[in-house]
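Visitor: Please show me the model, and let me ask on what grounds each term is applied to it.

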Amino acid sequence: SLDAEAFDEEDFLRTGDLGVVDAGGYVRITGRLKDVVIRKGENIGTAEVEELVRGHPAVADAAVIGLPDERTGERVCAVVEVVPGSPAPTLSSLGEFLEGRGLRTIAWPEQLEVVAALPRTVAGKIDKRELADRFG
């Protein structure tokens, strides 16, 4: 039944959220399991791209969203907060960084936006709907 499928083998509820547990035992929600961009018929998981983009030395935080694109269906857009005092990455330098991390080319961002702070919901999650409205 659907109710039974909502729980894993240890009786934890599957919310569809992805997160990390920090050294203090606190959970930080980082994205959604089914948050994907469909580009040229390929599914691109935004959580994977976000984690790699966050690994860039100049990036403090990031969100990856899909924006409508006439040619590809959707384009990958990375929205980043920059580490204070660091120069913002360029789209090409970010691509080089992601290539070095083994990310397949089709998943590389085609658009890069730099913001002072990523918008957040009341629950503290990045508000991707607001980002899509702003940059779409």
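Guide: Of the 136 residues in the protein chain, buried residues make up 34%. This is a predicted model, in which local features need pLDDT of at least 70 and side-chain atom pairs count only at pLDDT 80 or more, while totals for chains, interfaces and linings use all residues. Residues are numbered from 1 along each chain as its sequence is written, and side-chain values use heavy atoms, with hydrogens and water left out.

Visitor: Why is aspartate 61 called buried?

Guide: Buried means under 20% relative accessible area, exposed over 50%, and partly exposed in between, with a 1.4 Å probe and protein chains only. Aspartate 61 has a relative accessible area of 12%, and is therefore buried. This residue is found in strand S5, residues 59–69. Strands (E, at least two residues) and helices (H or I, at least four) are DSSP runs, numbered from the N terminus.

Visitor: How do you know that the buried residues of helix H2 line one face?

Guide: In H2, residues 46–54, the buried residues are Thr46, Ala47, Val49, Glu50, Val53 and Arg54. Seen down the axis of H2, they fall within an arc of 165°, so they line one face of the helix. The arc is that of the directions from the helix axis to the C-beta atoms.

Visitor: Why does glutamate 50 count as buried?

Guide: Glutamate 50 has a relative accessible area of 2%, so the residue is buried. Its side chain is joined to that of lysine 128 by a polar contact of 2.6 Å.

Visitor: How many bridges join strands S6 and S7, and do these strands run parallel or antiparallel?

Guide: Strand S6 (residues 73–82) and strand S7 (residues 111–115) run parallel and are joined by 5 bridges. Two strands pair if DSSP finds at least two bridges between them. From S6 the chain crosses through helix H3, residues 91–100, to S7, in a β-α-β crossover that is right-handed. A crossover has that hand if, with the strands pointing away from the viewer, the path from the first strand over the helix to the second runs clockwise. As for individual partners, alanine 78 has leucine 112 in S7 as its bridge partner.

Visitor: How many bridges join S3 to S4?

Guide: S3 and strand S4 (residues 42–45) run antiparallel, with 4 bridges; valine 37 has isoleucine 44 in S4 as its bridge partner. Strand S3, residues 36–39, has a covered face of Val37 and Arg39 and an uncovered one of Val36 and Ile38.

Visitor: Is lysine 40 buried or exposed?

Guide: Its relative accessibility is 52%, so lysine 40 counts as exposed. Lysine 40 lies in the loop between S3 and S4, and has a positive phi of about 55° although it is not a glycine. The hairpin of S3 and S4 has 2 residues between the strands.

Methods: Polar contact = N/O pair within 3.5 Å; in protein donor to acceptor, adjacent residues only side chain to side chain.
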